[in-house]
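User: Please take a close look at one part of this model, the aromatic rings that group together. I would like one connected account.

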Amino acid sequence: MNNPTLPKIFIFSEKIDSDYLFSLYADDFDYMEEVFAVTLQHFDQDLEAIEMAWASRDIPELKKAVHKIKPAFGFVGLTDVQQSCKEFEDECQQCADAGELKTSYKQIVATLAESKSLLEIEHRRLKEFNATPL
């Protein structure tokens, strides 16, 4: 009897928009692993730029730093985080005094830290998944 080869499926965390990821990468899990790795590789440097801009109360630079990291979250299926970055950027655009951003800044930095942890877990899981034969 012929058994067709079943596709190898990876189940992402519920916090990741897997439908969006599959629309970008289909079932190219090796490429997804690479995208997660590159995102993590640049994450700390991008977060540091955000923190430095905040420390100097440079709102235009803060907006620029958040704008730079924002697309990475789409590439890894964290579309909610990408939207949070967009909303923070919009707040920066409307704000003249960094003090007005304090609560939003704390929230976005916490969201980014949580996202990094999730990305590390999902990247490790993808690596294990890709290393496992069918």
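**The phenylalanine cluster**

Phe10, Phe12, Phe22, Phe29, Phe36 and Phe129 are joined into a cluster by ring pairs. Rings of Phe, Tyr and Trp (its six-membered ring) pair if their centres lie within 6.5 Å; planes under 30 degrees apart count as stacked, over 60 as edge-to-face and the rest as tilted. This is a predicted model, where local features need pLDDT of at least 70 and side-chain atom pairs count only at pLDDT 80 or more, while totals for chains, interfaces and linings use all residues. Residues are numbered from 1 along each chain as its sequence is written, and side-chain values use heavy atoms, with hydrogens and water left out.

The whole structure holds 10 aromatic pairs. In one of them, the ring centres of Phe10 and Phe129 are 5.2 Å apart with planes at 70°, so this pair is edge-to-face. It links distant parts of the chain, 119 residues apart: Phe10 is in the segment before α1 (18–25), and Phe129 is in helix α5. Helices (H or I, at least four residues) are DSSP runs, numbered from the N terminus. Phe10 is buried, at 5% relative accessible area, and Phe129 is buried at 14%. Buried means under 20% relative accessible area, exposed over 50%, and partly exposed in between (1.4 Å probe, protein chains only).

Phe12 and Phe22 have ring centres 6.1 Å apart and planes at 65°, so they are also edge-to-face. Phe12 lies in the segment before α1 and Phe22 in helix α1, 10 residues apart. Phe12 is buried at 7% relative accessibility, whereas Phe22 is partly exposed at 27%.

How values were computed
Helices (H or I, at least four residues) and strands (E, at least two) are DSSP runs, numbered from the N terminus.
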